[in-house]
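This report describes the strand pairing, packing and ring contacts of the structure shown below.

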Amino acid sequence: MAAPVSWRRLVYSVYTPAVAGVFTRISDRLFRARDRRGGSSMLLLAPLLAEADPAPRHVSRPTGSAGAQGTDGLCTHFRWMAEHVPAFRVPGTHIHILTSPDQFYQTMKARIKTAKRRVVLASLYLGTGQLEQDLVDCMEEALQHSQENNPDLKVSVLLDYTRGSRGQVNSRTMLLPLLQRFSSQMRVSLYHTPDLRGLLRLLVPQRFNETIGVQHIKVYLFDDSIIISGANLSDSYFTNRQDRYVLLENCREVADFFSDLVEAVGDVSLQLQPDNSVSMLDGMVHPYKGNRQDFSAVARKRIMEVVNTAHVRQQLLNRSEDSEDEGMSEGMSEGEEDTWVFPLVQMKPLGIQVDEQVTQRLLTDAEPDSTVFLTSGYFNLTRAYMRLVLGAGPSYRILTASPEVNGFFGAKGVAGAIPAAYIHIARQFYNQVCRLGQQERVHLHEYHRQQWTFHAKGLWYYLQGQDRPCLTLIGSPNFGYRSVHRDLEAQIAIVTENEELQSQLQEEQEMLYQRSTEVSSSTFEQPDRHVKLWVKLVTPLIKNFF
């Protein structure tokens, strides 16, 4: 049989007629060969079809049923995401919501110890306490066991250069013994933002240089299973700092994507050497010694090769060769693969803004009778997100940190004023809600918990009349200026019809919100909510850098 119509349309939408004609003739042969063998040779074309460095995509208005209610038409409601990012279909039973720092920590340790092929860890930094050392010991145990039984195990760690190099004892020194002992199996990459360079790099104190931009992706991968989170590899995130964590178990395609993504970022990062020096891979532009535009172009090309190759591959997998109409809508109702995972990447310094575009589209299209629960440890919405929340749309329940659970509460020096700045930001937002008469639609909540801090971020989306969410965003972005403009971020959108997974998401959302109180005008009249004038004056700077 010849290549299906949907395949031909895909090729003709990407290439000129002459080039497309060549590809379709090749594909006709591949389809016929696959028919004889029962294989899927067309997937070999995915790297060829993926544009290495395309222009930023414009996220168009939906063509499907935006008014779908319940799970009927759920896929049509969100199918537009598959037009712009890779769409991975997985069984909802393979996704598990972790609820506590200890569960997150113990799961990582157990998975590292039993890994056979790969361990990939991407974080802002690795702490230097005993719990972090125990995590390093798990990696050592796995590597030692692999040398004796299975030398194929590879360990790759991606951290931020500035945060990972802070102090005499730091993330680098924690990992050096492993790198020295298992140099052929171990890789440590340290991403350095191209925006911290020249005189700025010399003048900004070490404690504050990470404000310019960091590697902020939090991905923890063990063979074909992966944890997506907002949590770093540090003791507080293992004990009393509340975050969000989702485990995707035996989801090889998703794991492969994030492994490739971390590898791509690692390729344009500084490589830690056994003597604690750093160097770039051959042919790569140095992030702060080389030309700024050249570095960004090379990094963007390398990273988007991963995204676009996966996008094309998944399009081919998800489209039926027998009917151009059979795709995401019908596919989700078949068997147990009732859940879709969409990876969203945001790297504005490199010209990548997929997550920003998809998040804006999601908030824009949210129906008036739906409900969005949105949380951020640092509530500092960008102007674009603010306009969408305050404009006509769904009901919002926004959860943020109360001052005492803010990660900077009690910090020394200027950093100690950050919780007060967030009080000022919250008050400005609340006042604007009141001025616009949106109090019945937009509600602000504060998380409280003694001896804990709050770092959870993401959202849960409830369609009209539904008591369980059908979509969640979970990962590293905070919906603020830094997440959109300065840092490297990644999260996933999970769209599911699986009732058990929906229930897990509902329980997670309720667990977080039940520890909160709703903000009212009296909240800001309390003595501990007084904000000094100088803090108000520097708040615009804090909004851009913290």
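## Strand β20 and its partners

In this predicted model, strand β12 (residues 339–347) pairs with β20 in the antiparallel sense, over eight bridges. Within this pairing, Gln-346 stands opposite Glu-489 of β20. Strand β19 (residues 471–475) is also antiparallel to β20 and is joined to it by five bridges. Here the bridge partner of Thr-472 is Ile-494 in β20.

Strand β20 covers residues 489–496, and eight of its eight residues are buried, so the strand is largely enclosed by the rest of the structure. The burial applies to both faces. One side carries Glu-489, Gln-491, Ala-493 and Val-495, and the other carries Ala-490, Ile-492, Ile-494 and Thr-496; all of these are buried.

Strand β18 (residues 458–462) is mostly covered, with five of its five residues buried. Gly-458, Trp-460 and Tyr-462 lie on one side, whereas Leu-459 and Tyr-461 lie on the other, and both faces are covered.

Two antiparallel pairings involve this strand. Strand β14 (residues 371–376) and β18 are linked over five bridges, and Val-372 has Tyr-461 in β18 as its bridge partner. The pairing of β18 with β19 runs over three bridges; in it, Leu-459 stands opposite Leu-473 of β19.

## The nine-stranded sheet

An open sheet of nine strands shows mixed pairing, in the order β2-β9-β7-β6-β3-β4-β5-β10-β11. At its edges stand β2 (95–98) and β11 (278–279); each has a single partner strand, so one side of each is left without a neighbour in the sheet.

Within this sheet, strand β7 (residues 225–229) pairs with strand β9 (residues 245–248) in the antiparallel sense over four bridges. Ile-228 stands opposite Val-246 in β9.

In soluble globular proteins, nonpolar side chains tend to be buried together. The largest nonpolar core of this model has 109 residues, and the members that touch the most others are Leu-248, Phe-258, Met-347, Phe-429, Leu-459 and Leu-471. Helix α16 (residues 418–435) gives the most to this core, contributing ten residues. A second, separate core has 45 residues, including Met-174, Leu-175, Val-188 and Leu-247.

What does Leu-248 touch, not counting residues up to four places away in sequence? Its contacts are His-94, Ile-95, Asp-224, Ser-225, Ile-226, Ile-228, Val-254, Val-341 and Ile-492. Of these, Ile-492 is one of the buried residues of β20, and Ile-228 is the residue that stands opposite Val-246 in β9.

## Aromatic pairs

The structure holds 17 aromatic pairs. One of them joins Phe-104 and Phe-238 in a tilted arrangement, with 6.1 Å centre to centre and 45° between the planes. This pair links distant parts of the chain: Phe-104 belongs to helix α5 (residues 101–114) and Phe-238 to helix α10 (residues 235–239), 134 residues apart. Both Phe-104 and Phe-238 are buried. Ring pairs extend this arrangement into a cluster of Phe-104, Tyr-105, Tyr-220, Phe-238 and Tyr-245.

Phe-257 and Phe-258 form an edge-to-face pair, at 5.2 Å centre to centre and 90° between the planes. Burial is assigned under 20% relative accessible area. Phe-257, at 3% relative accessibility, therefore counts as buried. Phe-258 is likewise buried, because its relative accessible area is 1%.

## Charges over rings

Two arginine side chains are placed over aromatic rings. Arg-163 lies over the face of Tyr-125, at 4.0 Å from the ring centre. The charged end of Arg-361 sits over the ring of Trp-80, at 4.2 Å from its centre.

## Cysteines

A disulfide is a covalent bond between the sulfur atoms of two cysteines. How many disulfides does a search of the whole structure find? The search finds zero. Cys-138 counts as buried because its relative accessibility is 3%. Cys-251 is also buried, with a relative accessible area of 3%.

Methods. Residues numbered from 1 in each chain as written. Predicted model: local features only at pLDDT ≥ 70, side-chain atom pairs only at ≥ 80, totals over all residues. Heavy atoms only, no water. Core = buried A, V, L, I, M, F, W, Y, C linked by side-chain atoms within 4.5 Å. Buried < 20%, exposed > 50% of the residue type's maximum accessible area, 1.4 Å probe, protein only. Contact = heavy atoms within 4.5 Å. Pairing = 2+ DSSP bridges. Phe/Tyr/Trp six-rings, centres within 6.5 Å; stacked < 30°, edge-to-face > 60°. Lys NZ or Arg CZ within 6 Å of the ring centre and 35° of its normal. Disulfide = S-S within 2.5 Å.
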